[in-house]
Every structure is written in structure tokens, then in C-alpha cells.
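Look at the sequence and the structure first.

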Amino acid sequence: MSHCGSHSKVNCKHCVDLLVDYLEGQLPPEQEKALDEHFMGCPPCLDFLDQYRASSRLSQRALEMEIPAVLADKLDEFLSKHCK
Amino acid sequence: MSTDAAVKLLHSDDELVARIRDEQDRASFEELVRRHRNRVFALALRMVKNEEEALEIVQETFLSAWRKLPEFRGEAQFGSWVHRIAANFALMKLRHQKVVDGVEEPLESLDGKFRPDGHWDVYPTGMWGRRADDLALDAELRNRLIAAVEKLPDTYRAVFMLRDFDGLSYDEIAETLQTTIPAVKSRLHRARLALRADLAAYFEEKEGA
């Protein structure tokens, strides 16, 4: 059963398909407005949008790291030897 | 820290690049390496999934940057430039290992989750997306996220890393991967969908436990 109560011009699948451009503000104004209206009336799509954004942000945090000290030393040694 | 090293901290990447180009200034190069080595290593490690091979990529990347710096005219940021070099080395290494065979592996598809009228058939449950910024990233969640990224097919992983981790433009990524901007966006979208599906499964397991 769908929980979508939206009466906008776009359906849920359209919204999901356009998320990359929507999140970067790259959609034509009319299309962006149609998606805004859809999200306001569609809790499942709003949840999905939050999850989609969160997946990228959480991954970015998880991927942050420092090069291990022993490898950083090897890198310095390599560059000292080869960068003439 | 020497005075020279302390002064370097005050310079932008562009100023350090100019010093290297004009004066072959090694201290400026060392400062640039220090600034960018962690993120270049992270990119390389997630691409090849092996620390020793990732180190080789980082070494070759900075050596190549040193050699090519005289031609670098600052059309791009130094950081973007070295990440593109590193991505190329990583993909070359993967191709050598015949991991990249030109055929894209299938990724999570949402096709079955919509009714023919384009509305949800399977409700994307869970409120975790709303509290993601407040979530503590413990070892379990961190490892799950890293595993999810490493599971992505190579070209999808490269696009995701270059865009969402390194912040490169679509133009830069398309040029690096020798593909089109629509193809980059499509891979990025599918990579994010796959990560979302993986995380949704994780939070369902946690909440059901």
C-alpha cells in the first residue's frame, strides 16, 4: 500500500530518479518546485531523501582517516629518494 | 618545527605550488604532501583495499605531481589534481589485476519497489536518516560503512569517492574516468542507492535485535 498523499505532477519514482540534480539545485525551477511539492505531501519520499543524504554523509565520516605512521615514514623516504 | 616549516603553514596550496614551480622549493612540496597525503591514502586504500598497494599509489601520485608541477598552471585546485592522478593509478592497478573487466557488475535496483504508477510499493521505513548527523560513528557502524563502499563495483566506487569524499566536479570526474557527465551522475546515484540499502538493512538489524 502506498503512503503517498502527494498530488504533485511527479510520482515517487521520478523523485528518486532526480535526486542527484535535486540535491545540488541543478533542476529547472519548475521541476524543482514539483519535487518540493511532492516531498511535502509524501512521507515515504521524505524518509527516503533523508536516508539518501545520510548515507553519503555517514560514509564520508567513516572514510576519513590518517595514513598509518609507518607508511607515512615510507612515503617520506620514497619521496626524498626520488624527487630530485 | 623550524621557522621555515612554520612559515609554510601560512601559505595557501597555490602559493606553495608557485614556490615549487619557480624555485624547486622542496620544503613547500613536503608541506603539500603533508596536507594531502591522508585523503589521497584514503582514496587509494578504498580503491585497492590493500595498504601496501595503496602506499604504492600514494608514492607514485606524489612523485608524478612533483615531476608534472612545472606544467601545472592552476586551472584546478592542487588537491583535486592529485586526487585525479591517484584515481588513475588506482584504476590502472585494478585493471592490471583484471578486476576491472569493462563489464559493470549489477547494483541494487529499486525497480521492484515501485508500483506501475510510479508510487512506492515497498515503503522505505526507518527514521535513521533524520538523526544521521547526531549518530556516533562507533567501530561497528564505521566498519559496516567501509565494507559497503568497498563492495561497490570499481567504477561506481571511484565516482563515489571522487565526488562525495573528495568533492571533485562532475567535469573533473568525467575527464578522469574518460566518460560522460550523465554516466558519472548515474553511477553516483546508483552507488548512493546501494549504500542507502546497505545502511537501511543495518539499522533494521539493529532495531530488530
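Is the crossing of α3(B) and α5(B) left-handed or right-handed? The crossing is right-handed, where right-handed is the term if the near helix is turned clockwise from the far one by less than a right angle, and left-handed if anticlockwise.

This is a predicted model, in which local features need pLDDT of at least 70 and side-chain atom pairs count only at pLDDT 80 or more, while totals for chains, interfaces and linings use all residues. Residues are numbered from 1 along each chain as its sequence is written, and chains are lettered from A in the order in which they are written.

Chain B has nine helices and zero strands; helices are DSSP runs of H or I with at least four residues, and strands are runs of E with at least two. Of the 209 residues in chain B, 38% are buried, that is, with 20 or more other C-beta atoms within 10 Å of their own.

The axes of α3(B) and α5(B) come within 10 Å and cross at roughly 30°. The two helices are therefore roughly parallel, the term for angles under 35 degrees.

Chain B also touches chain A: 45 residues of chain B are in contact with 39 residues of chain A, contact being C-beta atoms, placed from the backbone, within 7 Å. On this side of chain B, α9(B) gives the most, with eight residues.

The table sorts two sets of residues by class.

Technical notes:
Two residues are in contact if their C-beta atoms, placed from the backbone, lie within 7 Å. Axes are lines fitted to C-alpha atoms, for helices over the stretch in contact, and angles run from 0 to 180 degrees between N-to-C directions. Angles under 35 degrees count as roughly parallel, over 145 as roughly antiparallel, 65 to 115 as roughly perpendicular and the rest as oblique. A residue is buried if 20 or more other C-beta atoms lie within 10 Å of its own, exposed if 12 or fewer, and partly exposed in between; C-beta atoms are placed from the backbone.
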